[in-house]
Amino acid sequence: MRPQPAANPLDRLSARDFLLLREPDAIGTLVLAGYQLSLVLFLLGTVLVAAGLEAPVHSDHGLWTAALNLLLLCVVIRLAERTARRVRSRRDRS
């Protein structure tokens, strides 16, 4: 019996496949996610500059700063998604 293929291309992506660029659909999904997160960071940076505020994370290297800010943004997005799911489930129960 053959296992059913995963609906999400990222479910099939291993670290080896990523490094060897073997799963184009999954890599494309990651690239699109990166574009979307970059746009969100760009817009957030514009808002912070307009408000005269600094980014929450700073380091000596620009890549570390970008990575840490992106990690922080991903955590915030995940928490917001979980909160929205809880609110929707409570609303659906009532």
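Predicted model: local features only at pLDDT ≥ 70, side-chain atom pairs only at ≥ 80, totals over all residues.
The backbone of Leu-21 has a phi near 55 degrees, which is a positive value in a residue other than glycine.

## Domains and annotated spans

The protein chain is divided into domain 1, covering 16-53, and domain 2, covering 58-93. Between the C-alpha centres of domain 1 and domain 2 the distance is 13 Å.

The unreviewed UniProt entry lists residues 26-51 and 63-80 under "transmembrane region".

## Packing of helix 2 against helix 3

Helix 2 consists of residues 24-51 and helix 3 of residues 62-93. The two helices pack at an angle of about 100 degrees, and their axes are 11 Å apart. Helix 2 is therefore roughly perpendicular to helix 3, since angles of 65 to 115 degrees fall in that class.

On the helix 2 side, the contact is made by Leu-37, Val-40 and Leu-41. Helix 3 contributes Asn-69, Leu-70, Leu-73, Cys-74 and Ile-77. By residue class, the contact of helix 2 with helix 3 comprises seven nonpolar residues, one polar residue and no charged residues.

Which residues does Asn-69 contact, leaving aside its neighbours within four places in sequence? They are Leu-41, Ala-55, Pro-56 and Val-57. Asn-69 itself is placed in helix 3. With a relative accessibility of 13%, Asn-69 counts as buried, because the cut-off for buried is under 20%.

Leu-70 is also found in helix 3. Its relative accessible area is 30%, so Leu-70 is partly exposed. Not counting residues up to four places away in sequence, Leu-70 touches Leu-37 and Leu-41. Leu-70 and Leu-37 are 33 residues apart along the chain, and their C-alpha atoms are separated by 7.5 Å.

## Gly-34 in helix 2

Gly-34 is found in helix 2. At 29% relative accessibility, Gly-34 counts as partly exposed.

Is Asp-60 buried or exposed? Asp-60 counts as exposed because its relative accessibility is 83%. Asp-60 is found in the loop between helix 2 and helix 3. Along the chain, Asp-60 and Leu-43 are 17 residues apart, and their C-alpha atoms are separated by 23 Å.

Note on methods:
Residues numbered from 1 in each chain as written. Heavy atoms only, no water. Domains from an automatic or database assignment. Axes fitted to C-alpha atoms, helices over the stretch in contact; angles between N-to-C directions. Helix = DSSP H or I, 4+ residues; strand = E, 2+ residues; numbered from the N terminus. Parallel < 35°, antiparallel > 145°, perpendicular 65-115°, else oblique. Contact = heavy atoms within 4.5 Å. Nonpolar A, V, L, I, M, F, W, Y, C, P; charged D, E, K, R; others polar. UniProt positions renumbered as here; feature names shortened; annotations may be inferred. Buried < 20%, exposed > 50% of the residue type's maximum accessible area, 1.4 Å probe, protein only.
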